Amino acid sequence: MVRFDAHTITPAGRAGLAALRAEPGRSVVALDFDGTLAPIVPDPEDARPHPDVLPALARLGPRLAGVAVVTGRPAEVAVRYGGFAGVPGLEGLTVLGAYGAERWDAATGTFSAPPPEPGVAAVRAELPGLLAGLGAPEGVRTEDKGLAVAVHTRQSADPAGAFAALRAPLAELAARHGLHLEPGRFVLELRPPGMDKGMALTAYLAERDAGPVLYAGDDLGDLAAFAALERRRADGRPTLLVGAAPEVPALAERADVVVPGPAGVAALLTALARPEG
Ligand SMILES: O=P(O)(O)OC[C@H]1O[C@H](O[C@H]2O[C@H](CO)[C@@H](O)[C@H](O)[C@H]2O)[C@H](O)[C@@H](O)[C@@H]1O
């Protein structure tokens, strides 16, 4: 069983954990995908959940008011890579993809997504020429996400250097086409403004009439979800913020507890799924 002592979890987080254990039927567990459920890997197409994640979620799901995956991935990609469809116990799972712009519900098997914004097509067309003109190093990769385009530097020889060099020109390209630049772990994503994980999570929690909430994330895009739960906490509602990446200080500093990546998240979910919690 995973136990957290007073030195590794904040008092508010401990209260959130106690509430989750005491009232599972009113509780929601919401989880980021990459870096939280799935280990970070060099090629984004290779990301798959830690092997203990699905069994734990399948045990937890029927006991909770809701389980959601809140991800920057397109919903369809997250469902496919996650292996979430048709899993007994996950009939109530919801995937909020593209930072909440897209949605998939296991209960119906249906996807919903808005039409792509014209700025995304313009960026898609301009990006190869821009990257060539900037002399983007070998290993810089683009990921076409449908509603957004992402530029990855992880596979270049100097991921941090390439990230720093590309950030301003990509921000300028995004702004010129009415898009927002979303920075992440060696990724710069050009996507439409107007939606973030905090807005998506808040709407989902209202829909489920949620009580206690656990959110786990590993990257800057998860800060909006943390902020949404910090507001709930300020209203006296129990929450548990889990940071899944000690190496991302902006998130780890705001977490109630920091666990070592998807293996740590899986261990926490497995412990929560036990009858004794
Ligand atoms: O919101 P998330 O579920 O955390 O998705 C964020 C981005 O994750 C993916 O990129 C990250 O994971 C890759 C696979 O481990 C890794 O190679 C990359 O360096 C990371 O930035 C994904 O490719 C993006 O589309 C997501 O927005």
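How many bridges join strand 8 (residues 180-184) to strand 9? Five bridges join them, and the two strands run antiparallel. Strands here are DSSP runs of E with at least two residues, helices are runs of H or I with at least four residues, and both are numbered from the N terminus. Two strands count as paired if DSSP finds at least two bridges between them.

Please keep in mind that this is a predicted model: local features need pLDDT of at least 70, side-chain atom pairs count only at pLDDT 80 or more, and totals for chains, interfaces and linings use all residues. Residues are numbered from 1 along each chain as its sequence is written.

**The chain as a whole**

- The chain holds nine helices and 12 strands.
- A compact globule of 277 residues would have a radius of gyration near 19 Å, and the chain agrees with that at 19 Å. This radius is taken over C-alpha atoms, and the globule rule is 2.2 Å times the number of residues to the power 0.38.
- Along the principal axes, the C-alpha atoms fill a box of roughly 60 × 40 × 35 Å.
- Of the 277 residues, 48% are buried. A residue is buried if 20 or more other C-beta atoms lie within 10 Å of its own, exposed if 12 or fewer, and partly exposed in between, with C-beta atoms placed from the backbone.
- Among contacts between residues at least 6 apart in sequence, 65% join residues at least 24 apart. Here a contact means that the C-beta atoms of two residues, placed from the backbone, lie within 7 Å.

**Two domains**

- The chain is divided into domain 1 (11-113 + 195-273) and domain 2 (118-191), with bounds that come from an automatic or database domain assignment.
- The centres of domain 1 and domain 2, taken over C-alpha atoms, are separated by 27 Å.
- Where they touch, 13 residues of domain 1 are in contact with 14 residues of domain 2. The domain 1 side of this contact has nine nonpolar, three polar and one charged residues. By this scheme Ala, Val, Leu, Ile, Met, Phe, Trp, Tyr, Cys and Pro are nonpolar, Asp, Glu, Lys and Arg are charged, and the others, Gly among them, are polar.

**Around the ligand**

- The ligand is surrounded by 24 residues, and the closest are F33, D34, P44, T71 and G72. A residue belongs here if its C-beta atom, placed from the backbone, lies within 6 Å of the molecule.
- Strand 7 (149-152) and strand 9 (187-191) are the elements that give two or more residues to this shell.
- By class, the shell has nine nonpolar, six polar and nine charged residues.
- Both domain 1 and domain 2 give residues to the shell, so the ligand lies between them.

- Eight strands form an open sheet of mixed pairing, in the order 5-4-3-2-1-10-11-12.
- Strand 5 (110-112) and strand 12 (257-258) stand at the edges, each with a single partner, so one side of each has no neighbour in the sheet.
- Strand 1 (residues 28-31) and strand 2 (residues 66-70) run parallel and are joined by four bridges.

**Strand 9 and its partners**

- Five of the five residues of strand 9 are buried. V187, E189 and R191 are on one side and L188 and L190 on the other, and both faces are covered.
- Strand 7 is joined to strand 9 by four bridges, and the two run antiparallel. In this pairing, A150 stands opposite E189.

**Residues worth a look**

- Most residues other than glycine have a negative phi.
- F186 is not a glycine, yet its phi is positive, at about 55°. F186 sits in the hairpin of strand 8 and strand 9, which has two residues between the strands. It counts as partly exposed, with 18 C-beta neighbours inside 10 Å.
- D209, also not a glycine, has a positive phi of about 50°. D209 lies in the loop between helix 6 (197-207) and strand 10 (213-217), and it counts as exposed, with 10 C-beta neighbours inside 10 Å.
- T8 is placed in the segment before helix 1 (11-22). T8 is partly exposed, having 13 other C-beta atoms within 10 Å.
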